[in-house]
Every structure is written in C-alpha cells, then in structure tokens.
Amino acid sequence: MGNTIVGQLLLQVVLIALNAVFACAEIAVLSFNGAKGLLLMGDVGLGKTFLLDCIGQRALSRGWSVQKYTAYNLLDRMLRGIRERDGGLSATGLATPDLLLIDDLGTEPFIQNVTYEVLFSAINERQNAGKATAIATNLGKAQLLDDYGERLFSRMTSPRLFSVIELKGKSLR
C-alpha cells in the first residue's frame, strides 16, 4: 500500500512538473517576455536541452518553422559551407526559420577569428530579421563575456533582445 501511495504522489509531481514545462514553453513561444531571444543558463543536467525541445515542439504545433543545432554542429556546418562554397548553411540562411534553437553554446571549438564571427553573424542576422532565437549554455555570464566578447555578450543578455533564465539546482541526470 505504501508503494502505491508513493507512486501516485510521484506521478502527481511529474504531472505538475510537465504542466510547468509546457506553460514555460507556451510563454516562451508567445514572446520571450517581449524579446526575440531566450538564453537558458545553468549547470549540466538541469533540463536546458529538454526546455529547448519543448519550446521547439510548441512552436512547431503553432505552425512555426524551427531549426535546432548544437553550437558545435552549427559552427561545423557553417564552416563547411564556407570551405566548400556550396551555398551550405550561412548566417543569412539561418535567418530563415521562425525559431532557431542553439544548444550547448560553449562546447564548440574556438578557432581564432572564426568562431566568434560565425556565431555573431548568425545571431545578428536573426535579430535584424526579427526572428526568435533560443540558446542554452552551461556557461555563466562572466564566462560568456570572457569567451565571446562584449558585442556578442551584449546581444545575448540585453533585456530588449533576450530574456535570460538562469536554472539552478542539482543535476537531474
């Protein structure tokens, strides 16, 4: 009997948590609090990728076009497009989807005079096009500023351009 009660309570907690996640995704898709971007920050295992996926699914259910990349894959595909000159993934092309999801910012390799410029141009093109962007990172604000510089940092943390949500807690993994 005790296991049944514990199981029912656990199920209720999970349902409440899922409702909270879907409410968060709904709010994020509607406006990101008036900004066109969302920056999810926090330690490993706190659910940033899960939240990005929920936001993406909610956007798709509303008829939005959505693309998702890890920061590593985004940089890799853009560099491949430049090297091969095949018209592959470009900053201009990234301005096309209604919502761009970038996961694991900070895990991409840092290539002098390339990494920063590629990420800056992608985010800048989307902001100029008025398109929504959601980014997840394990880096804190100080590390973001140090790694990406003032120009990119200010675009990702400006309240007018991005809503910043810092997740705290123990890893869920």
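**View 1. Salt bridges in the predicted model.** The count of salt bridges in this predicted structure comes to 4. Lysine 68 pairs with aspartate 53, with 2.6 Å between the closest N and O atoms. This pair links distant parts of the chain, 15 residues apart: lysine 68 belongs to strand S2 (residues 66-70) and aspartate 53 to helix H2. Lysine 68 is partly exposed at 36% relative accessible area, and aspartate 53 is also partly exposed, at 32%.

View 2. Aspartate 76 and arginine 80 form a salt bridge whose closest N and O atoms are 2.6 Å apart. Aspartate 76 has a relative accessible area of 30% and is partly exposed; arginine 80 is partly exposed at 34%.

**View 3. Helix H2 and its end.** Helix H2 covers residues 48-61 and reaches 20 Å from its first C-alpha to its last, close to the expected 20 Å. Its buried residues are Lys48, Leu51, Leu52, Cys54, Ile55, Gly56 and Ala59. Glycine 63, with a positive phi near 90°, follows H2.

**View 4. The largest nonpolar core.** This core has 27 residues, and Leu105, Ile135, Leu144, Leu152 and Met156 have the most contacts inside it. Strands S1 (37-42) and S3 (99-105) and helices H3 (71-84), H5 (115-129) and H6 (141-157) each supply at least two of its residues. H5 gives the most, with 6 residues. Beyond four places away in sequence, the residues that leucine 105 touches include Leu119, Ile135, Leu144, Tyr148 and Met156. A second, separate core has 11 residues, among them Leu38, Leu40, Ile55 and Ala59.

Key: Residues numbered from 1 in each chain as written. Predicted model: local features only at pLDDT ≥ 70, side-chain atom pairs only at ≥ 80, totals over all residues. Heavy atoms only, no water. Core = buried A, V, L, I, M, F, W, Y, C linked by side-chain atoms within 4.5 Å. Buried < 20%, exposed > 50% of the residue type's maximum accessible area, 1.4 Å probe, protein only. Helix = DSSP H or I, 4+ residues; strand = E, 2+ residues; numbered from the N terminus. Contact = heavy atoms within 4.5 Å. Expected span 1.5 Å × (residues − 1). Salt bridge = Lys/Arg side-chain N within 4 Å of Asp/Glu carboxyl O.
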